[in-house]
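Have a look at the structure first.

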There are 2 protein chains.
Amino acid sequence: MTAPEKTSAPVIGVFDSGVGGLTVLKELVRLNPGADYLYFGDTARLPYGSKSAATVAKYALSAAKFLEAQGARMLVIACNTATALAFEEIKKGIGIPAIGVVEPGAQRAASASKAKAVAVIATEATIASHAYQRALKERGIRAIEKACPLFVPLVEEGWIDHEVTRRVAQIYLEELFANGRGGADVLLLGCTHYPLLRPLLGELLPKGIAIVDSAESTAQAVAKNFAAKERKHSPTLKFFATDSVEKFRRLGERFMGRKLEAVEHVDIEV
Amino acid sequence: MTAPEKTSAPVIGVFDSGVGGLTVLKELVRLNPGADYLYFGDTARLPYGSKSAATVAKYALSAAKFLEAQGARMLVIACNTATALAFEEIKKGIGIPAIGVVEPGAQRAASASKAKAVAVIATEATIASHAYQRALKERGIRAIEKACPLFVPLVEEGWIDHEVTRRVAQIYLEELFANGRGGADVLLLGCTHYPLLRPLLGELLPKGIAIVDSAESTAQAVAKNFAAKERKHSPTLKFFATDSVEKFRRLGERFMGRKLEAVEHVDIEV
């Protein structure tokens with residue numbers, strides 16, 4: 001295991017339970033190409049979305065420490081569940097600045113909502129944590145929340161534009177917007193898998209509801225606050241997975257929209 | 001953490017990555033009520049179905065050792081993925097006899113198939129291991145295999161008798177039985193979640209195809225080989241979960257069809 005080649009570019013560590021955070025990395029590379037990136041997918045222990053706060057905190061902190069030890073000068077927690085359940089514990093446990101996906105997503109959704117009401121969809125654990133609800137409330141916004149546990153397996157099955165996924169999305173959105181949708185005019189995608197469903201969700205949404213994506217919002221926040229000076233730099237990407245490298249590569253390419261070259265297996269203790 | 005009350009009944013340890021193995025335990029209690037049972041659900045690390053063989057082996061062995069230390073005199077690996085990927089390693093690592101779900105399921109399917117061809121559905125990892133294919137081949141039976149990764153999340157969403165699950169099952173069964181179904185006359189349920197879908201699958205199956213369930217087959221094999229003498233005994237059940245006890249109880253009751261009283265959280269190192 002070696003650190004990335006020495007360049008003047010800052011190294012940003014990106015962490016997720018699996019491949020979903022690659023939607024954040026994809027946006028980071030696009031919006032902040034002056035940095036190099038280390039990506040850690042804790043695929044041996046995914047999904048975090050159905051686990052308890054204590055378990056998620058333990059796993060996430062060990063991954064964060066690994067990235068710090070590998071030379072990351074900043075950490076992006078590209079995992080809604082880990083951010084929702086363990087952000088404070090991760091921040092306390094490492095010596096580099098960290099940014100999660102909840103605050104940037106909530107901030108952007110709050111700015112976009114004229115009605116001051118935002119509908120949030122995410123995994124079971126993220127919704128149960130009410131992290132988005134709290135972040136939105138601090139900004140004077142009311143949250144209408146809904147867990148959508150089938151979206152992640154549907155995306156991983158590759159059924160992105162598929163009749164079954166369409167029907168599942170219809171059911172979830174109907175449940176979410178029952179009783180006049182609580183006046184929400186923004187749908188916040190609070191899971192890094194969901195950007196792949198954005199076109200489908202856009203078709204199905206009632207008129208007048210805008211989509212805000214936490215993955216994109218986070219990359220925008222990083223680019224704004226930690227913009228690398230050298231804009232002509234071509235980012236070096238290095239990937240670590242705790243489970244099968246082959247599977248990470250195969251699934252991950254769908255999320256990144258490009259080949260994943262440097263993927264390495266790691267086995268970290270918790 | 002205490003061992004179950006001292007009785008003359010033998011203690012059987014049942015292990016799964018989550019709550020699915022409760023379909024095996026349910027059959028064990030019915031067919032072999034003379035024993036007491038310890039159930040271990042490795043819910044902090046589930047699902048095993050999408051993980052690599054090395055990862056599954058490591059997790060399964062630590063759980064098996066835990067049950068042995070808790071007083072189990074026999075181990076039932078009520079998890080198709082763990083059986084498929086790690087049966088030999090688990091057997092080597094513990095000092096009590098062990099039975100998995102693959103051999104009993106394959107045995108029963110082989111007996112039921114007049115056409116000498118069996119269709120197998122299971123998780124991605126179980127199918128990729130070809131454990132059922134090998135076990136059936138040893139009995140002179142041809143296997144037609146199909147991974148059904150959406151069934152577990154659909155069952156866990158509680159969509160047991162639901163239009164979406166029906167449509168997903170139709171698609172999977174069509175793919176499985178495309179090109180004249182390879183002559184199979186038995187459908188083998190190679191995942192412990194699938195017994196909950198048995199009524200639905202029964203409706204959708206082409207005529208002349210029987211369903212064999214690995215969970216039930218395993219309980220039958222245990223009852224035959226390790227039958228407890230005392231038949232009037234009322235089995236003591238004790239449950240261990242590595243993640244949230246509350247969630248284990250809530251989900252598990254759907255699988256067991258009864259209240260789960262004694263559920264305890266454990267945190268085991270691997």
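In this predicted model, Glu163(A) and Arg167(B) bring their side chains together in a salt bridge, 2.7 Å from N to O. Glu163(A) sits in helix α8 (residues 163-176) of chain A and Arg167(B) in helix α8 (residues 163-176) of chain B, so this pair joins two chains. Glu163(A) counts as partly exposed, with 43% relative accessibility, and so does Arg167(B), at 27%.

How do the two chains relate to each other? Turn chain A by 180°, with a shift of 0.0 Å along the axis, and it lands on chain B with an RMSD of 0.0 Å. That's what a two-fold axis does. If you want a landmark, pick Arg45(A): its C-alpha, at 2.7 Å, comes closest to the rotation axis of the residues of chain A. The copies also meet through the same surface, because 100% of the interface residues of chain A are interface residues in chain B too.

Now for salt bridges inside chain A. Asp213(A) and Arg198(A) pair up at 3.9 Å, N to O. Asp213(A) belongs to strand β8 (residues 210-213) and Arg198(A) to helix α9 (residues 198-204), so the bridge ties together parts 15 residues apart in sequence. Asp213(A) is buried, at 6% relative accessibility, while Arg198(A) is partly exposed at 29%. There's also a network: Asp161(A), Arg166(A) and Glu203(A) are joined by salt bridges that share partners.

Over all chains, the count comes to 30 salt bridges.

Notes:
Residues are numbered from 1 along each chain as its sequence is written. Chains are lettered from A and ligands numbered from 1 in the order in which they are written. This is a predicted model: local features need pLDDT of at least 70, side-chain atom pairs count only at pLDDT 80 or more; totals for chains, interfaces and linings use all residues. Side-chain values use heavy atoms; hydrogens and water are left out. Copies are superposed by least squares on the C-alpha atoms of residues with pLDDT of at least 70 in both. Contact means heavy atoms within 4.5 Å. A salt bridge is a side-chain nitrogen of Lys or Arg within 4 Å of a carboxyl oxygen of Asp or Glu. Helices (H or I, at least four residues) and strands (E, at least two) are DSSP runs, numbered from the N terminus. Buried means under 20% relative accessible area, exposed over 50%, partly exposed in between (1.4 Å probe, protein chains only).
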